[in-house]
Amino acid sequence: MKEVYLISSELPMEEKFGLQSQIRRCAVSIPSNIAEGAGRNNKNEFYQFLGIVFGSTYELQTQLQLLIDLSFISEIKIAPLKELLAEIQKMIYSLKASLKL
């Protein structure tokens, strides 16, 4: 999620190894775990990885809200990311449901 990297680059320098690092690792883990799960060629393992991904989306959602709450970045800048994240959550939920059948 390139957008997360761009937004997090606006954080104060003292957050470089704190919140910025955590947010970036979380954002990268979402597509990485989808790819790893899909590469397992096993529906049950893929389903399990999607569960991890789903959790990571909520973790990132919390971290983005924290940026707003701490007045690091305005809600106006974060809103598009939160909307994108909500869409990703819906897609992951649908994909998980399709694998469950």
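A: With ring pairs: rings of Phe, Tyr and Trp (its six-membered ring) pair if their centres lie within 6.5 Å; planes under 30 degrees apart count as stacked, over 60 as edge-to-face and the rest as tilted. Here such pairs join Phe 54, Tyr 58 and Tyr 93 into a cluster. The model is predicted, so local features need pLDDT of at least 70 and side-chain atom pairs count only at pLDDT 80 or more, while totals for chains, interfaces and linings use all residues. Residues are numbered from 1 along each chain as its sequence is written, and side-chain values use heavy atoms, with hydrogens and water left out.

Q: How many aromatic pairs are there, and what is the geometry of Phe 54 with Tyr 58?

A: There are two aromatic pairs. The Phe 54 and Tyr 58 rings have centres 5.3 Å apart and planes at 75°, so this pair is edge-to-face. Helices are DSSP runs (H or I, at least four residues), numbered from the N terminus. Both residues belong to helix H3, four residues apart, about one turn of the helix. For Phe 54 and Tyr 93, the centres are 6.5 Å apart and the planes at 40°, so the pair is tilted. Because Phe 54 is in helix H3 and Tyr 93 in helix H4, this pair ties together parts 39 residues apart in sequence.

Q: Which residues touch the most other members of the largest nonpolar core?

A: A nonpolar core is a set of buried Ala, Val, Leu, Ile, Met, Phe, Trp, Tyr and Cys residues joined through side-chain atoms within 4.5 Å. The largest has 22 residues, and Leu 60, Leu 64, Leu 67 and Ile 78 touch the most other members. Helices H1 (2-8), H2 (19-39), H3 (43-69) and H4 (75-100) each supply at least two of its residues. H3 gives the most, with seven.

Q: What does Ser 56 touch?

A: Contact means heavy atoms within 4.5 Å. Not counting residues up to four places away in sequence, Ser 56 touches Cys 26, Ser 29 and Ile 30. Ser 56 lies in helix H3 and is buried, at 8% relative accessible area.

Terms used:
Buried means under 20% relative accessible area, exposed over 50%, partly exposed in between (1.4 Å probe, protein chains only).
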